[in-house]
Amino acid sequence: KDSALIKVQVKSSGCKTKYGNYQVALKSCGGTKGKTYKTVKETNVDEVFILLENLEMYIIPIKEIHNKSTLTICDKYNKYRVY
């Protein structure tokens with residue numbers, strides 16, 4: 001982007017809250033015990049690209065993400081929606 005390397009983490013979700021907003025997991029789990037081994041905030045990324053089940057896409061700068069485990073996609077993230 002503009003001759004700069006931007007590190008991006010890709011996340012997807014089809015999970016909705018009881019209020020109908022999509023919720024995206026920001027942590028990575030693995031192994032036989034499903035242990036959390038990192039969250040997006042603990043990685044060296046610049047942006048998070050999110051693809052939702054309804055095919056909406058968002059590119060959110062990491063500095064705009066303050067949660068560690070989940071992110072609920074609501075109206076405040078509309079400015080980051082990609083068409």
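## Strands β6 and β8

Strand β6 and strand β8 (residues 81-82) run antiparallel and are joined by two bridges. Strands here are DSSP runs of E with at least two residues, numbered from the N terminus. Two strands count as paired if DSSP finds at least two bridges between them. Across this pairing, Tyr58 stands opposite Arg81 in β8.

## Basis of the model

The model is predicted: local features need pLDDT of at least 70, side-chain atom pairs count only at pLDDT 80 or more, and totals for chains, interfaces and linings use all residues. Residues are numbered from 1 along each chain as its sequence is written, and side-chain values use heavy atoms, with hydrogens and water left out.

Five bridges link strand β5 (residues 47-52) to strand β6 (residues 57-61) in the antiparallel sense. Within this pair, Phe49 stands opposite Ile59 in β6, and Leu51 stands opposite Met57 in β6. The hairpin has four residues between the strands, and Leu55 takes a positive phi near 75 degrees there.

## The sheet

Both pairings belong to an open sheet of four strands in the order β1-β5-β6-β8, with mixed pairing. Its edge strands are β1 (8-13) and β8, each of which pairs on one side only.

## The whole chain

The protein chain has eight strands and zero helices. Of its 83 residues, 29% are buried, meaning under 20% relative accessible area with a 1.4 Å probe, protein chains only. Among contacts (heavy atoms within 4.5 Å) with a separation of 6 or more, 47% are between residues 24 or more positions apart.

How values were computed
Buried means under 20% relative accessible area, exposed over 50%, partly exposed in between (1.4 Å probe, protein chains only).
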